[in-house]
Amino acid sequence: MISFDNISHSYETEKIISNVSFNVQHNEVVSLLGPSGCGKTTLLRLAAGLETPDAGFIKLNEKIISSPGFVLPPEERGVGLVFQSYALFPHLTVKQNILFGLNDKTSGSVKTITGLMRELDIEELCDKYPHELSGGQQQRVALARALAPNPPIILLDEPFSGLDSRLRERVRDQMLHILRNTETSALMVTHDAEEAMFMSDKIIVLNGGKEIQQGRPIDLYCRPKNRFVAEFFGEVNHIPGTVKNKKIETVFGTYEADNFAEGTRVQIVVRHEALNLSLKSQGAIASVVETHLLGKNSLVHLSVSAGSAELHLHARIPGLSWFEIGENVFVEIDPEQVFIFPE
């Protein structure tokens, strides 16, 4: 549907985007994921025609819509856009806001819009004005307005950031179903890794204006390219080590290090959920420092002796923790969730 080819962009003298390339296919949801200031929203504005690239080009259905010497106006692109601030027209009702972008306002189109409003639970709000709505309701109206013209692709700038956690889960689930049902492609900006994994067929991880890694959620979570990607997809523990005879000896066992030169100092990155705790098992012995119930899981702080050093680790376990503070437990690490990177 839309492709970015070696896109670069600067604001005055500051380089914001550097040689970024990726594609969004038909009926595919792609997320731009990264910390604040990494260039996510700039890429979205380039896709919308609100900025001009310094280098590279953007194509929509194989037609160039942006290049250093040419930008197709936003209104001629036929893409939907949902701003982070919603940008509803204050003098129009909900229904008038949603119908605003439609060239065809026949009874058939209005019926389709009514169905869309019903799916987003805003049908009963049709005669209200934006200032009479909650933030969540405004967000759903903005989504409906962007989807109303049935665009081939919709651009979403952190569309769920202003919602509370429970409403966010419900609205993004509704949004995903609507995108699938209408076969609409989407390019979404988010800084929330869990949200990106829930919504996306593909994720582009950005940092400092550069693409760090792209792929399916399972690829990025299970096969991160570097520490930055591994840490962005959840809290991790760090265990230091040194390569000796192509192996790394730790208190939790030995890890192969074929890709590292002899003597290389490394960081073994382990996700919190990769630590399995037991009172009757094998593994390294750890002392429970404290525990925190977080609802559907518990976070257990552990202290592990590693020679002359003391490691402070976190384990995330399902449900309620019955471990007592000061109690000794056995710790085993799931080898599938261990990642080794140079220090």
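Val205 stands opposite Gln213 of strand E11. Colleagues, this is a predicted model, in which local features need pLDDT of at least 70 and side-chain atom pairs count only at pLDDT 80 or more, while totals for chains, interfaces and linings use all residues. Residues are numbered from 1 along each chain as its sequence is written, and side-chain values use heavy atoms, with hydrogens and water left out.

Helices (H or I, at least four residues) and strands (E, at least two) are DSSP runs numbered from the N terminus, and two strands pair if DSSP finds at least two bridges between them. E10 and E11 lie in an open sheet of 6 strands with mixed pairing, ordered E7-E8-E9-E3-E10-E11. Its edge strands, each pairing on one side only, are E7 (80-82) and E11 (210-215).

I turn to the other sheet. Here 5 strands form an open, antiparallel sheet in the order E16-E20-E17-E18-E19. Strand E16 (275-278) and strand E19 (309-318) are the edges. E16 pairs with E20 (residues 328-333) in the antiparallel sense over 4 bridges, and Ser278 stands opposite Phe330 in E20.

Next, the helices. How do the axes of H4 and H5 cross? The axes of H4 (residues 135-147) and H5 (residues 165-182) come within 11 Å and cross at roughly 10 degrees; these axes are lines fitted to C-alpha atoms over the stretch in contact, with angles from 0 to 180 degrees between N-to-C directions. The two helices are therefore roughly parallel, a label for angles under 35 degrees, whereas over 145 is roughly antiparallel, 65 to 115 roughly perpendicular and the rest oblique. Residues in contact (heavy atoms within 4.5 Å) include Leu143 of H4 and Ile178 of H5.

Finally, the structure holds 11 salt bridges, each a side-chain nitrogen of Lys or Arg within 4 Å of a carboxyl oxygen of Asp or Glu. One of them joins Arg172 to Glu195, with the closest N and O atoms 3.6 Å apart. This pair links distant parts of the chain, as Arg172 is in helix H5 and Glu195 in helix H6 (residues 193-199), 23 residues apart. Both Arg172 and Glu195 are buried, that is, under 20% relative accessible area, with exposed over 50% and partly exposed in between (1.4 Å probe, protein chains only). Through shared partners, salt bridges join Arg172, Glu194 and Glu195 into one network.
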